[in-house]
Structure formats: structure tokens, C-alpha cells
Amino acid sequence: MTATAAGSTTVTDHASHEEDAARVVTRPGARRALALCRILLAVVFLWPVADKTFGLGYATPGERAWIAGNSPTAGYLGSIESPLAGGFAALSGPAVDWLFMLGMLGTGLALLLGIGLRVAAVAGGLLMLSLWLSTWPFAAGSQNPLVDQHLVYTALLAALALTRAGDTWGLGRAWAASPVPGSASWLR
């Protein structure tokens, strides 16, 4: 980096750009707040996996658990009442069960550990957008015809990935230094 007359710095090479990108959020309190949001959002993704797998009695009773031989998605996909209901009901099956559960688990673990947040933002964002569409928020009587928690979670996923929220209270820096992402910044 080089200094300018105003006392700020400019990026002069790729390595300096990477160092600068790591300082997207510089205030410790803001970084901790983003880390807390990351951990809370991890629970949003991990809880349904645990409840649907083991039937913990919250949204899924024990007799409806995945380990009891039931589908973790069939009940929801079959109960949708929207113009897209037929399309979502047609998705029901073992492949979608596995994709949904692995997508939720992978996104939740990435958020919890603070690694692979860019991939998690895309995967989790697609899951949340599909859930948003399945609720068909445009219908009369909906809580909000445009924005619900699914869109807020999608935006938060993007913010967490873009601010490197995994570096605080997470393994983001160690992950970035490992050979796994290497120079592939999209794996960061």
C-alpha cells in the first residue's frame, strides 16, 4: 500500500487488496456483533436438522422423525397452499429430503465454524429463497407481502460472507490460510 497526501492508503497490488479486504469491518464491537449474528443464524439452520432428524417434539414429534422412517420435507411440501403448491409437492421425495437436510446442515456448520461463508451464503440463500417462495407472501392475509424472515436471513448471509464474519470467534482466518481454499477466494 502507498500513502496519499490525505493520509489514506491506496491498494497497489493484489496482496494488499486481500489485506484491505480483511479490514472490511474494523471496529471490534461491530466484528463481535457480526460474529454473534453468524452464530445465531447457524442455530437457525442447525435446529431444524436436529428436530426433523430426531423428532425433538417442537416442530417435529418423535413419531414423525427422520430416523423413524419419515420424510423431513413431505409434510411441509404437501401442506403448501399457494399457486406454486403443485410444483413444491412434486419435489417431495428422498433426494429432496437429503438435499434439504444436507444443505441446512452444511450451511449451519459453515456459519458455526466461520468457514466457507461465501458458499454457505449461496446455498443457504437458495434454501431461504425457496422457502420464501413456498410461503407465497403475496397472498392477502400474509404478514408482509414482500419481506419475511427468509429474505432477512438471505441478506444476513450475504453480509456475513462479505464482511468475513468468520474471522471473529470462528476459524475463518485459519481456513483462509489452509490449502483447502488456497487462492480460490470463493471458498473463503
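Helices (H or I, at least four residues) and strands (E, at least two) are DSSP runs, numbered from the N terminus. The model is predicted, so local features need pLDDT of at least 70 and side-chain atom pairs count only at pLDDT 80 or more, while totals for chains, interfaces and linings use all residues. Residues are numbered from 1 along each chain as its sequence is written, and side-chain values use heavy atoms, with hydrogens and water left out.

**View 1. Helices around the largest pocket.** A pocket is an open set of points on a 1 Å grid over the protein atoms alone, where a 1.4 Å probe fits, with protein on both sides within 12 Å along at least five of seven lines; lining residues have an atom within 4 Å of a point. At least two lining residues come from each of H2 (28-54), H3 (74-79), H4 (85-91), H5 (94-113), H6 (117-135) and H7 (149-162), and H6 gives the largest share, 7 residues.

**View 2. The centre of the largest pocket.** Of the 34 lining residues, Lys 52, Thr 73, Tyr 76, Phe 100 and Leu 131 lie nearest the centre.

**View 3. The largest nonpolar core.** Such a core joins buried (under 20% relative accessible area, 1.4 Å probe, protein chains only) Ala, Val, Leu, Ile, Met, Phe, Trp, Tyr and Cys residues through side-chain atoms within 4.5 Å. Among its 19 residues, Leu 41, Phe 45, Met 104, Leu 111, Leu 157 and Leu 160 touch the most other members, and H2, H5, H6 and H7 each give two or more residues to this core.

**View 4. Surroundings of Leu 160.** Leaving aside residues up to four places away in sequence, Leu 160 touches Leu 34, Cys 37, Arg 38, Leu 41, Leu 111, Leu 117 and Ala 165, where contact means heavy atoms within 4.5 Å.

Technical notes. Buried means under 20% relative accessible area, exposed over 50%, partly exposed in between (1.4 Å probe, protein chains only).
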